[in-house]
Amino acid sequence: MEIPSVVLSSSDGSRSMPLIGMGTAVHVLDEQELKSAVIKAIKVGYRNFDSAKLYRSEKPLGEAIAEALKLGLVQSRDELFIATKLWCTDAHRDLVVPALHQSLKNLQLEYVDQYLIHWPISAKPGICKFPIDKEELLPMDFRSVWAAMEDCQRLGLTKSIGVCNFSCAKLETLLAHATIPPSVNQVELSPVWQQKKLREFCEAKGIIVVAYSPLGAKGMRWGTNQVMDCQVLKEIAEARGKTLAQVSLRWIYEQGAGLVVRSFKEERMKENISIFDWSLSKEDYDKINQIKQQRGMPKMAFVSPNGPYKSLQQLWDGEI
Ligand SMILES: NC(=O)c1ccc[n+]([C@@H]2O[C@H](COP(=O)([O-])OP(=O)(O)OC[C@H]3O[C@@H](n4cnc5c(N)ncnc54)[C@H](OP(=O)(O)O)[C@@H]3O)[C@@H](O)[C@H]2O)c1
């Protein structure tokens, strides 16, 4: 199965990013399960893998890549697109490059294809955990942290750099100081949280939007049922002989966005990439445009509850 890709600005001039990637975030990580899921995904056709220091998924992902090369499932590491993320505790001028070196060691790689700022906030250096204690949080110095991200690209440790969870206002701040603009902004995106304004802003600035939790992360600690239980999506799926998951993923693809979706089940992996040989109709769009918009994780605490709760919504809005 050929997965379409988009060209990113990168240290190599142009770097192709497959528009569907496999996510690796789970509540409780079983390293062996993740490793065999990645190998299955490579067999199914996935070439883009999304990891993060926070997920503790770098090591098993790296082992799976080494195994896939040994088995000849891919001829060279260059056939894969590997992303990982800078955690808040490392979001300080002098800690960014060492953090990426550690991630590369975990992944057994010489470079990643994409290094992303995970959240637009810093925390005191220390243990990587989530939620973060309130007294540990610090505002991010965008200018110096982004300069260090640029160093990562210039040093060849990553082919491209980007961000996650940045609002238009935060992107404006970042762009005002950036020498290398972010190649992507990875954010929650689905027919139930369409982020129209942000997508338009990113398009105007040449930043590719990548959707996370495209199925609402149903069943996850940070997730919601509102995508998989959406009546409108159910009706469209039934009428078209597709699954609800495929309708949601197809809608994202038709917006020109990339996406990362997670299932460790082979049948679902296949289902999730089978979205490129059909399209949504005008009638489908008329219905999808009517879906009530709601962020999936509005009330999730970003800081632990030994102080007033601060939600992801407040972080997004710039109140913390
Ligand atoms: N940058 C960020 O801040 C950020 C935040 C969240 C996530 N992410 C990244 O985005 C990736 C994807 O997002 P996510 O894991 O939060 O949520 P998701 O991909 O929307 O949802 C994952 C859930 O959907 C189920 N699922 C997958 N395919 C399905 C299908 N075809 N039909 C029915 N259910 C299906 C999975 O169940 P089974 O496992 O049972 O198949 C799993 O419970 C993450 O793994 C992570 O890499 C990034």
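In the predicted model, the buried residues of helix α3 are Val-96, Ala-99, Leu-100, Ser-103, Leu-104 and Leu-107. Viewed down the axis of α3, these buried residues fall within an arc of 140°, so they line one face of the helix. This arrangement can be read against the geometry of helices in general: an α-helix has 3.6 residues a turn, so residues three or four places apart point the same way. The face of α3 that is turned away from the buried side carries the exposed residues Pro-98 and Lys-105.

The cover over the buried residues of α3 comes from both helices and strands, and includes α2 (58-71) and α4 (142-154) as well as β5 (81-86) and β6 (114-117).

As regards the protein chain as a whole, the secondary structure comes to 11 helices and 12 strands. The radius of gyration of the chain is 19 Å, close to the 20 Å that the globule rule gives for 320 residues, so the chain is as compact as a globular protein of that length. The C-alpha trace spans about 55 × 50 × 35 Å along its principal axes, and 46% of the 320 residues count as buried. Among contacts with a separation of 6 or more, 71% are accounted for by residues 24 or more positions apart.

Note on methods
Residues numbered from 1 in each chain as written. Predicted model: local features only at pLDDT ≥ 70, side-chain atom pairs only at ≥ 80, totals over all residues. Helix = DSSP H or I, 4+ residues; strand = E, 2+ residues; numbered from the N terminus. Rg over C-alpha atoms; globule rule 2.2 N^0.38 Å. Buried ≥ 20, exposed ≤ 12 C-beta atoms within 10 Å, placed from the backbone. Contact = placed C-beta atoms within 7 Å. Arc of directions from axis to C-beta.
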